[in-house]
Amino acid sequence: MDNATDQFVHNLNVKNYSTRLLTTQGAVQRAILLRLLAEELNNARQKGWQSAPGSLETRRLHGLD
């Protein structure tokens, strides 16, 4: 995949994991989602991608969460 496609899929993954974390109550499922989200965010940082507007990381950077 090219860089734009990779970043698009990354943004979808971050949105999906963040949304599911809000509704998931099981400890095991939450732990998996948190690990997946952390991996996505780490990969994005390594590639130098900016966080998508409205994403959990963007909100955290601006003190909105």
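A nonpolar core is here a set of buried Ala, Val, Leu, Ile, Met, Phe, Trp, Tyr and Cys residues joined through side-chain atoms within 4.5 Å. In this predicted model, the largest such core comprises six residues, namely Val14, Tyr17, Leu21, Leu33, Leu37 and Leu41. Two elements, α1 (3–23) and α2 (27–47), each give two or more residues to this core.

The protein chain contains three helices and zero strands, and along the sequence the elements follow the pattern α-α-α. Of the 65 residues in the protein chain, 25% are buried. Among the contacts with a separation of 6 or more, 41% join residues 24 or more positions apart.

Helix α1 was examined for its length and for the placement of its buried residues. The end C-alpha atoms of α1 lie 31 Å apart, which agrees with the 30 Å that its 21 residues should span at 1.5 Å a residue. The buried residues of α1 are His10, Val14, Tyr17, Ser18 and Leu21. These residues cover an arc of only 95 degrees around the axis and therefore lie on the same side of α1. The face of α1 turned away from this buried side carries the exposed residues Ala4, Phe8, Lys15, Leu22 and Thr23.

Leu33, Leu37, Glu40, Leu41 and Ala44 are buried in α2. Viewed down the axis of α2, the buried residues fall within an arc of 95 degrees, so they line one face of the helix. Exposed residues Ala27, Val28, Arg45 and Gln46 are carried on the face of α2 turned away from its buried side. Just after α2, glycine 48 takes a positive phi of about 75 degrees.

Tyrosine 17, a member of the largest nonpolar core, touches Leu33, Leu36, Leu37 and Glu40 when residues up to four places away in sequence are not counted. Histidine 10, found in helix α1, has a relative accessible area of 5% and is therefore buried, the limit being under 20%. Leaving aside neighbours within four places in sequence, histidine 10 is in contact with Glu40, Leu41, Ala44 and Trp49. With one of these residues, glutamate 40, the side chain of histidine 10 makes a polar contact through the glutamate side chain, at 2.8 Å. Glutamate 40 is itself among the buried residues of α2.

Asparagine 43, found in helix α2, is partly exposed, with a relative accessible area of 38%. Asparagine 43 and histidine 10 are 33 residues apart in sequence, and their C-alpha atoms are 8.9 Å apart in space. Isoleucine 32 is also found in helix α2 and counts as partly exposed at 39% relative accessibility. The C-alpha atoms of isoleucine 32 and leucine 21 are separated by 9.7 Å, with the two residues eleven apart along the chain.

Polar interactions within single helices were also identified. Serine 18, found in helix α1, is buried, with a relative accessible area of 15%. A polar atom of the serine 18 side chain lies 2.8 Å from the backbone oxygen of valine 14. Valine 14 is in turn one of the six residues of the largest nonpolar core.

With a limit of 4 Å between a side-chain nitrogen of Lys or Arg and a carboxyl oxygen of Asp or Glu, the count comes to one salt bridge. It joins the side chains of arginine 35 and glutamate 39, at 3.4 Å from N to O. Arginine 35 and glutamate 39 are four residues apart in helix α2, and are therefore separated by about one helical turn. An α-helix has 3.6 residues a turn, so residues three or four places apart point the same way. Both partners fall between the limits for buried and exposed residues, under 20% and over 50% respectively: arginine 35 counts as partly exposed at 48% relative accessibility, and glutamate 39 counts as partly exposed at 41%.

Conventions: Residues numbered from 1 in each chain as written. Predicted model: local features only at pLDDT ≥ 70, side-chain atom pairs only at ≥ 80, totals over all residues. Heavy atoms only, no water. Buried < 20%, exposed > 50% of the residue type's maximum accessible area, 1.4 Å probe, protein only. Contact = heavy atoms within 4.5 Å. Arc of directions from axis to C-beta. Polar contact = N/O pair within 3.5 Å; in protein donor to acceptor, adjacent residues only side chain to side chain. Expected span 1.5 Å × (residues − 1).
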